[in-house]
Amino acid sequence: MGSVKLEGQVQVEWRWLIAAYLFLAGVGGGAYLVGVIADLSGGPDWMAVSKIGVFLGLPCVLIGTLFLLADLGRPTNAWRVWMKPGTSWISRGTIIIVLFMIFAAIQTALWIWPFAGPLADNESARHLIGVLGAVFAFPTVVYTGLLLGYSQPIALWNTALLPVLFFVSAVSTGIMAIMLIGRSQGVEGTQLALLTVIDAVILVFEMFVLIVFLYNAYRTVESRFSAKRILAGAVAPAFWLGVIACGLAIPFFLELFGGEGIVASLAALLGLFGGLCLRYSVLAGGTLSPIMAGGYEFARVARPKDPMPAMGKLPPS
Amino acid sequence: MAATITSKVQEDVWIPTCCGQCYCMCGIRVHRQNGVVTEIEGNPEAPTGRGKICVKGLAGTHLLYDPYRVNYPLKRTNPQKGLGVDPKFVRITWEEALDTIVKKLEACKEKDSRGAYFQATTTAASEIRYAVTAFNKAFGTPNYWVSGGGLHCGNGAHFMNGIMHVSWSIIPDFAHCNLPLNFGCSKGHGAGHTAVQNAIQAADARARGARTITFDPMQSPQASKAHEWVPIRVGTDGALALGFVNVFLNELGVWDDEYLKYKTNAPYLIRPSDGRYMRDKATNKPQVWDLVDKCPRVHNDPLVTRVQYEDQAHDVALLGTYEVDGVKCRPAFELLKEHVKKYSPEYVEEVTWIPAATIRRLGKEIAECAEIGATVTIQTEQGPKKIPKRPIAAHFFRGSQGHVNSGWTCLSIDMINHILGAADTYGAAMGLGAEVTDGYKPTGKPYQIPYPDEDGLLVAKAWVYDHVPYPLRVPKQPTRLDLHDMFPTSIYNAFTITSPHWFEILDQFKINYRPDVMINFGSNSVMTMGNAEIVTENFLKKFNFIFSFQLYVSEFEEAVADIVLPDACYLERYTPAVSFPSTFSHPQGEDDWGWTIRQPAIEPMYERRDFNVVLMEICKRLGILPKYFKALNDMTVMRYGGPFSPENKLCEDGSVEHTWPDVVDRLLKDRFGPEHGLEYVRKKGVFTWPKRKEDVYWKWFNPSRVPVYFEYFIDAGEQISKLCEQYDPQKKYIDLNWSVFKALADWYPCPTHSKEKPEYDMNAFYWRPVTQTNSMTQQNPYLDEITSEDPNIYGIQMHQKTAEEKGIKDGDYVWLENTDGKRVKGWVSLSEGMEPHHVAIAAIGGHWGEYMPIAKGKGTFFNDLVMMDAAHTDPLTLGQDICVRVKIYKA
Amino acid sequence: MTRYGMVIDLKRCYGCYSCVMACKQANRTPPGVFWSRVLRGEMGVYPNSVRQALPVLCNQCAEPDCMKVCPTGATYQTDEGIVRVDKNKCIGCKYCMMACPYGARYSVPEYKSYFPEGLPVSDYEKHCMQVWEEKRGCGVATKCDFCIDRRAEGREPACNQACPAKARVFGDLDDPESEVSYLIKTKRGFVLRPEVGTEPKVYYLPPR
């Protein structure tokens, strides 16, 4: 087969803005889910955790959406985005996140702020709205993986593991966000300790999913270059420093051994940064796999970038 | 949606004209909307491509509108010259520029008009050979140089093709050729003359099922389309070709008997004493041996000549020993047959690195594919005629001929065709151009039918230079600054003028004037000749005053120009006949003849002026305008196929001042009748008329023969070496191996093949990519962008394993250093498509000029590695060796 | 029904980039935009390695993924099966660019000059920018439309017209008598990435 190191066509369109969106949608959806679960199953001790989780949902997803809008080439046309839910994951996703934001907004407004009363007292209504919100929080977290996965030519994304990876990361970063804020908002040590253990377990699981994801990517010919790009190419710094060190290893060890005060906050912050880097690495690793024809592999071959032309000198006029 | 634009349009015209991005001169149509050139496409009326056009031709709009174009005359205010010197150009008026130039030229004329010197780019091929040469003659200087003569031009190829095919270049008759053999060229695949039309034909040939074989150290565009790519060591194509000839003659016993007997000098009887023809005492003509009457006969005795294939003649001897006037002599063919025995496949394998078995296999295949004996019937003016069909063609260009064995390599490769009778006949190797045409019927012009000389050999009727390639000029005491007069077998040379001892050479050879004023027409010779520092210091800085007609401030202007004149580009000017001199843009094959003109698609912008017009103005101010018109009249004969009729002749007595379009008009009317002047031709951009089949497949309609035994080289060598020794007995300045002047083809090693300094273990060579011409197109941002799309053009190509052994990775920056310590930098592009001991560099990259920022820093400047001394010069043609042994290391 | 398609004969193509340049010029595309593009491939090991060029352009798929993923319906198919973008509906999300199996879609945030910034823009580039803004637009997805406007003027698609190898044939796939149909049937025509199921309408003939 092809003896030349063919490098696929690297997708350059979706980078940090979209990564920020994917990340924030993950954090918001993940924190909301954790909040709702805490509310459903935790009892009064977990009330602070639930509130923070639920509260984080709306602003994170909303800000994320702003990043998404900022990436649009024609934001003035953005209102048309609903038109094709039948086939487009962007249309579907928009509907999902809007519905999620509606439920999160109701939940927040009637429970936490500005009308703290109605749902605080009516537990079953709160739980009902919480479950309805969670029904949309889950796809908010997962659809981004499906959205990328629908892209057939980018084999790195075109896998069922991606939604799993995004979901696990969303829950983990959601917990970290809750812990980060919770520490100053009166969450008790017991809950924090339990959250820390849960998060550490999730981190291990996330690591496992990530390894399988990349191993699969490397094993598949079409996505091998993507895997190389992430592990040893242009994306490697973001991956090794951001995802592995900041996002997984450091938080894991700090959670296991450090555990308290500023160190724990640092662990959470690093973990969140890692979540952002994970989205970025997946996006920036995306490459159109070489096209096969007549026994050849065809691709644009990456070469050293020639310098951008300088101004030089204009002939006098 | 287009409504808004169309509603604004007041002007929307298509102007048929001619491309000028390279020397192919394809017909184009230019779209002008509201005074802005917006599109260029191929001209379907022009036989050069019938509407098809290459990437460079399509990208011309950016040349027209490039903000870095020179738009006003510039004057150098920094008296210092050299590489890296800021010229401190300031804008001046045309009046001041012309005034200064005329004063300098007048002073030069006063001292010695021969001190004027012009150099020009190959992309203005037609103008150089007409207007510019006429200016030289009118001014009174014999000194010129086509920039790129060192690197870009084909001293070997053009000269040898001129001898063998009366043409500038050879190309397979793709329409019927079943086995094109490509030796280091990309003809039919983006490069070479009439590139677009050849590309169409080569594609047709592939689609038809023609098998192609390419010999090249690199998997060139041509090699990648070939059925078989045979990697070859650089500079050894000649040895391979002679190896094939040996296989034909001595292993297979295959040759085209009829062709060799009646269309070559193979049967000419040779004296054993000095290798000369055995001449008839009465007529002094060479003789052949009549096997029927068992007697010698002069070569053109009707009994032993066959002009047309169906003519009858006595059989003549190719082999054997015959006694004439008491001398035992043998036919030239037998000498050739014995001579090539030393090119056994085993020896050739040692030289070329191609396995002997492959050489034998391919030799057999080629011989079989030639279908010797096969004929076809074509329709001629005299009715149907039988001619031989020989569907194989060996051809070559820059790659195989850019070596110290240039001349003989070209002849050796072409010898494959001539041994098999595959020359200028159906399916065979064809001369490219309009060297054989009896003209447009009503006027009989341009008329250029070649004819035999007294020795029966082919003489061109029209040619690009003042002297035809054969018969040779007699070497004379040199008067030119490059001693050209002494070297009748050469077109140019670089080793004299770029020598550090140039003026000492001139003293030694009793040339008592010195270079004074240089006129540059669009050339960037700092980059196109060889090592930039050598060219600048040894050659260009020897001129007192240099003015330059130029599109950009190139590295040449930056380094040495005193005045830069803003030239009109090809879209802004007239050219009377881009297709002529007869070699550059005539479609090969059976399509019509076409006389393409160039006309402005837009008036020259800013203060740009057409150099043809400015030349006339300079002549006028110098008071030599009548002389100039006389020179144009004279040039018309050789260049444009016959003299002017009296009514169209340019005025030589000074009573009429012709304008440049007027010259164009007269030429057209003269060639095609009064109703077909400029006004008529400009509507289609080209005047076409039918081509006779006997002009295409002319070999068996013309009474001339071609040499396979180059008897006259022996004389030339003796004369040249004698002249040289007369002036330079110690061989201090001209030390060339005169023994290559001999009658039979041989292969000589290049300096690259030396075993000294084994650490220089890679052979670097240069190739021409389809996206670039010479050095100027690199500033075109369209072409730059597209070139960047290609993995190889801007890179240094190298084999992966070789790189691995040297610890070099794909994309690494490396230095290439030649044995003189000169080095160039670039990044490597690794692949399996390279012979492992070679590195390949494309185009003239690596610009450093500040005024061409798009081009700056792209690619690698190969020419800096090129050494321009006698050791790297072919003694036969003075062609320049452009393969270089280098070592490679990481930058 | 007319259903336009193209056949590219890889045996004829020698990778000269004329199609790329013809497209750029005809559609006045900005730097970095190649609706028509040439990819390079190499196969085998020295000395039996072979290089081949592959000209690519929008395949005008019958089941286009780009159209499916478009959230606004800006991407649509004409009656003749040509996939186009309505710039007034496109939001510039670039999802179609991710989904296209052939990398045939491009979007630029602005029409940059081919020359360094800060220079006066030439008349030609001003013209190009104006045409681009009117017909395509910055920020939205753009793509090959088989030169629909040129064909309305009676001209061939630009890449077709320029190709010096005559490697491209444009025509009606629904017409069994057309040259494209004939070539596909008789010369082993194939499409790129058939496994993605988009039913491309650009066919290739094998290089050897």
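## A tour of chains A, B and C

Select helix H4 (residues 94–112) of chain B: H4 lies across S6, strand S23 (517–521), strand S24 (545–550) and strand S25 (563–566) of chain B, at about 125 degrees to S25(B). Axes are lines fitted to C-alpha atoms, for helices over the stretch in contact, and angles run from 0 to 180 degrees between N-to-C directions. Helices (H or I, at least four residues) and strands (E, at least two) are DSSP runs, numbered from the N terminus. Two residues are in contact if their C-beta atoms, placed from the backbone, lie within 7 Å.

This is a predicted model, where local features need pLDDT of at least 70, side-chain atom pairs count only at pLDDT 80 or more, and totals for chains, interfaces and linings use all residues. Residues are numbered from 1 along each chain as its sequence is written, while chains are lettered from A and ligands numbered from 1 in the order in which they are written.

**The sheet in chain B**

Now show the strands. Seven of them form an open sheet with mixed pairing, in the order S5-S4-S25-S24-S23-S6-S7. Its edge strands are S5 and strand S7 (144–146), each pairing on one side only. Two strands pair if DSSP finds at least two bridges between them. From one strand to the next, the twist averages 20 degrees. Zoom in on strand S6 (residues 116–120) of chain B: three bridges join S6 to S7(B), and the two run parallel. Pick B:Phe118, whose bridge partner in S7(B) is B:Tyr144.

**Where chain B meets chain C**

Here 50 residues of chain B are in contact with 46 residues of chain C. Several elements of chain B each supply at least two residues to this side, including helix H1 (3–8), strand S3 (36–42) and helix H7 (195–208). The chain B side divides into 26 nonpolar, 15 polar and nine charged residues. Ala, Val, Leu, Ile, Met, Phe, Trp, Tyr, Cys and Pro count as nonpolar, Asp, Glu, Lys and Arg as charged, and the others, Gly among them, as polar.

Next, select B:Gly190, in the loop between strand S9 (179–183) and H7 of chain B. Beyond its neighbours within four places in sequence, its contacts include B:Cys54, C:Tyr14 and C:Cys16. B:Gly190 counts as buried because it has 28 C-beta neighbours inside 10 Å. The cut-offs are 20 or more other C-beta atoms within 10 Å for buried, 12 or fewer for exposed, and partly exposed in between, with C-beta atoms placed from the backbone.

**Helices in chain A**

Move to helix H1 (residues 16–41) and helix H2 (residues 47–71) of chain A, which pack at about 160 degrees with axes 7 Å apart. That makes H1(A) roughly antiparallel to H2(A). Angles under 35 degrees count as roughly parallel, over 145 as roughly antiparallel, 65 to 115 as roughly perpendicular and the rest as oblique. Their contact has 22 nonpolar, seven polar and three charged residues.

**Backbone stops**

Most residues other than glycine have a negative phi, and most peptide bonds are trans. Which bond joins A:Trp113 and A:Pro114? A cis peptide bond, with omega about 0 degrees. The bond from B:Tyr470 to B:Pro471 is also cis, with omega near -5 degrees.

Select B:Leu483, not a glycine, yet with a positive phi of about 60 degrees. B:Leu483 has 27 C-beta neighbours inside 10 Å, so it counts as buried. Finish at C:Arg28, where phi is positive at about 55 degrees. C:Arg28 lies in the loop between helix H1 (18–27) and strand S2 (37–43) of chain C.
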